[in-house]
Amino acid sequence: MKDLQLFDYHIFYYLAALALILPRIPYIGKFFNIINTLIHEIGHAVMALITSGEVLKVQVFFDTSGLTTTKSNAGYKRFLVSIAGYPFASAMAFVGFMLLGYGYEKWIVLGLSVLFLLTLIFWIRDNTYGIVWVIIFVAINAFIVFYLKNETVIEVAAWFYCVMMLLESVVSTLDLFRIAIRTPQSAGDATNLKKLTHIPAILWALLFVAFAGFMAYRSLLEVWPIIAFD
């Protein structure tokens, strides 16, 4: 992040504020929320493959919700698929910050683009919004990396994506915890886990919050020498 430090060493805090505010802006913000949603759904899909299940389709929607339809032939496999989404999103944020710490900003931008493009090719089905979203996201990143070829712009994009993933991985678990308190029958993955284990949805939501908070802490440690200035 050397170029950004020369520009303004507070850039991380500006991006954090932007990543926190932007998703709350009607219509425009929802586009950026999909980054975390799609990573979450990919987590379910990857776990289905790891447990020898089948991924039927992945879908994301304008309201920032998502759905992964899988087929597994054992209860414990369904459990692993159900629990994978939130931790996978948190872990991906950590990986992103780890790469930032090593200065691999371009690979973050390209990596997310390739990940989402592969998801489009193999899993996104019956989902016009998801198809259009991935195409736009990949096109933006291709323009940044291959046309602009400006290292500072690439770094800003990489840091923005990672900060967005980090914040949304935490905020989404907090939202789930709030829903689990008010309407536990509508708490998404936590509700599914309750059905599989008979453990209350609120406890699963709390577990997701704890893991997201821990990974956020570890993520910030990865880049603390870069963002902490006296």
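Q: Among contacts in the protein chain between residues at least 6 apart in sequence, what share joins residues at least 24 apart?
A: A contact means that heavy atoms lie within 4.5 Å. In the protein chain, 72% of the contacts between residues at least 6 apart in sequence join residues at least 24 apart. This is a predicted model, in which local features need pLDDT of at least 70 and side-chain atom pairs count only at pLDDT 80 or more, while totals for chains, interfaces and linings use all residues. Residues are numbered from 1 along each chain as its sequence is written, and side-chain values use heavy atoms, leaving out hydrogens and water.

Q: How many helices and strands does the protein chain have?
A: Helices (H or I, at least four residues) and strands (E, at least two) are DSSP runs, numbered from the N terminus. The protein chain has 9 helices and 2 strands, and their pattern along the sequence is α-α-α-β-β-α-α-α-α-α-α.

Q: What percentage of the 230 residues in the protein chain is buried?
A: Buried means under 20% relative accessible area (1.4 Å probe, protein chains only). Buried residues account for 45% of the 230 residues in the protein chain.

Q: Which residues of helix α8 are buried?
A: In helix α8 (residues 189-197), the buried residues are Asp-189, Ala-190, Thr-191 and Leu-193. Their cover includes α3 (28-50), α4 (75-102), α7 (151-182) and α9 (201-227).

Q: Which residue just after α8 takes a positive phi?
A: His-198 does, with a phi of about 65°.

Q: What does the C-alpha trace of the protein chain span along its principal axes?
A: The C-alpha trace spans about 55 × 40 × 35 Å along these axes.

Technical notes: Buried means under 20% relative accessible area, exposed over 50%, partly exposed in between (1.4 Å probe, protein chains only).
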